[in-house]
There are 2 protein chains.
Amino acid sequence: MDTRERIIKTSLALFNEHGSLNITTNHIAKELSISPGNLYYHFRNKEEIIRFIFDRWVLSFDRLWQRESSIPELSDLVEIVDKSCLLFYDYRFFYLDLPALLSRDKVLRERYVKNKNIRFRDVAKIIDFMNNAGLLERPLSGVERDAFINVFWTGTEFLISSMYIHGEKITAGNIRIRLLQFRFLLKPYVKPAVWTAIMQLLAISD
Amino acid sequence: MDTRERIIKTSLALFNEHGSLNITTNHIAKELSISPGNLYYHFRNKEEIIRFIFDRWVLSFDRLWQRESSIPELSDLVEIVDKSCLLFYDYRFFYLDLPALLSRDKVLRERYVKNKNIRFRDVAKIIDFMNNAGLLERPLSGVERDAFINVFWTGTEFLISSMYIHGEKITAGNIRIRLLQFRFLLKPYVKPAVWTAIMQLLAISD
């Protein structure tokens with residue numbers, strides 16, 4: 001692994017363990033047993049490291065959502081849920097420090113909002129597809145769909161913060177349990193057979 | 001207004017404007033044109049001021065939820081929504097600084113979780129009442145009800161943080177618009193006539 005990649009891996013691990021606000025470039029250099037000068041050769045400052053990690057995080061979500069086929073299968077949706085839990089866990093510092101990070105770095109905030117809008121469109125596309133494919137028991141209006149996505153987004157954006165506040169242990173498994181509570185948002189809208197199929201794919205029963 | 005009350009009012013205003021993490025007892029004393037010694041006579045430290053504000057915030061919510069009549073009317077629910085928006089706004093610093101405040105002060109965290117559990121029971125009681133009174137189109141199971149309340153709680157707990165992150169102006173009016181998006185969680189569950197009545201009381205149309 002080259003130095004640049006080692007810096008990213010180590011920074012991510014330290015941020016996740018101690019919070020990005022408590023870690024300096026000196027901590028990172030020390031952990032890697034390299035000089036601060038060597039670190040600065042690769043990244044100008046902590047902000048640049050965080051932006052790099054952010055871009056990688058966005059890329060992972062892009063890959064997850066941009067499926068080969070344009071028509072999503074139910075199993076694709078289930079894969080998105082399961083892999084999202086791992087991404088939430090792998091980049092957990094980001095969720096916990098979100099307000100502080102975005103208030104300090106306007107470039108990061110712009111990228112964040114841009115990514116959010118893309119994810120919104122992704123979810124809207126899937127709901128529209130389910131609407132048109134007759135998978136829904138009760139079709140959603142545009143306003144209803146957008147409100148639905150908004151509620152879902154706020155809930156997942158702050159899922160890890162909520163676990164933290166209430167003293168829950170932040171593990172990939174616990175994130176999955178919490179995330180899957182959101183399935184009840186979907187329940188009244190999908191046809192019973194679709195609901196059963198999704199629950200079977202997720203390997204849970206109601 | 002006595003000095004103690006002036007300290008509380010001024011602290012709350014400064015916390016809301018600048019964030020509680022950026023305000024010291026010196027800032028508060030200076031704003032009030034009193035000596036730090038005088039402030040310390042009333043409150044030992046910032047933590048004590050924050051706990052006092054927290055208790056007042058909880059009391060306001062208690063009053064809002066503990067209605068005279070044991071059977072809630074729809075108009076009670078609407079009043080709770082509207083007055084909650086004002087409470088969210090009046091104590092907005094608390095929502096924004098929540099993770100930091102609760103990680104620093106175990107006493108506050110205990111009180112917070114205790115209050116959360118009471119609010120959970122309040123909402124569960126209302127849902128059970130609606131279930132039993134035949135106001136629901138589709139009754140909720142216990143698991144479904146609890147998941148529903150959890151999603152709702154996380155969404156409202158971080159409503160102001162979400163507005164802040166996405167650069168929305170935090171006003172009581174904007175909080176109401178965002179909070180009312182959660183009405184769509186309720187829609188599939190209540191009978192159409194109940195839905196229409198609630199929307200009329202909230203003075204909004206779908």
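The model is predicted, so local features need pLDDT of at least 70 and side-chain atom pairs count only at pLDDT 80 or more, while totals for chains, interfaces and linings use all residues. Residues are numbered from 1 along each chain as its sequence is written, chains are lettered from A and ligands numbered from 1 in the order in which they are written, and side-chain values use heavy atoms, with hydrogens and water left out.

The C-alpha trace of chain A spans about 60 × 30 × 30 Å along its principal axes. Over all chains, the count is 28 salt bridges, a salt bridge being a side-chain nitrogen of Lys or Arg within 4 Å of a carboxyl oxygen of Asp or Glu. One of these joins the side chains of Arg145(A) and Asp128(A) (2.8 Å, N to O). This pair links distant parts of the chain, with Arg145(A) in helix H9 and Asp128(A) in helix H8, 17 residues apart.

Next comes the meeting of the two chains. Contact (heavy atoms within 4.5 Å) takes in 33 residues from chain A and 33 residues from chain B. Together the chains bury about 3000 Å², 62% of it on carbon and sulfur atoms; buried area is the accessible area (1.4 Å probe) that two parts lose on being put together, summed over both. Two salt bridges are counted between chain A and chain B, and Glu144(A) and Lys187(B) meet through their side chains in a salt bridge (3.5 Å, N to O). On the side of chain A that touches chain B, H9(A) gives the most, with nine residues. By class, that side has 17 nonpolar, nine polar and seven charged residues.

Finally, there is the largest pocket, with a volume of about 1200 Å³. A pocket is found on a 1 Å grid over the protein atoms alone, as an open set of points where a 1.4 Å probe fits, with protein on both sides within 12 Å along at least five of seven lines; lining residues have an atom within 4 Å of a point. Grid points are joined across faces, edges and corners, and the volume is the space filled by probe spheres set on the points. Of the 41 lining residues, the closest to the centre are Leu21(A), Leu96(A), Ala100(A), Leu21(B) and Ala100(B). H6(B) gives the most to this lining, with nine residues. The lining has 20 nonpolar, 12 polar and nine charged residues.

Technical notes. Helix = DSSP H or I, 4+ residues; strand = E, 2+ residues; numbered from the N terminus. Nonpolar A, V, L, I, M, F, W, Y, C, P; charged D, E, K, R; others polar.
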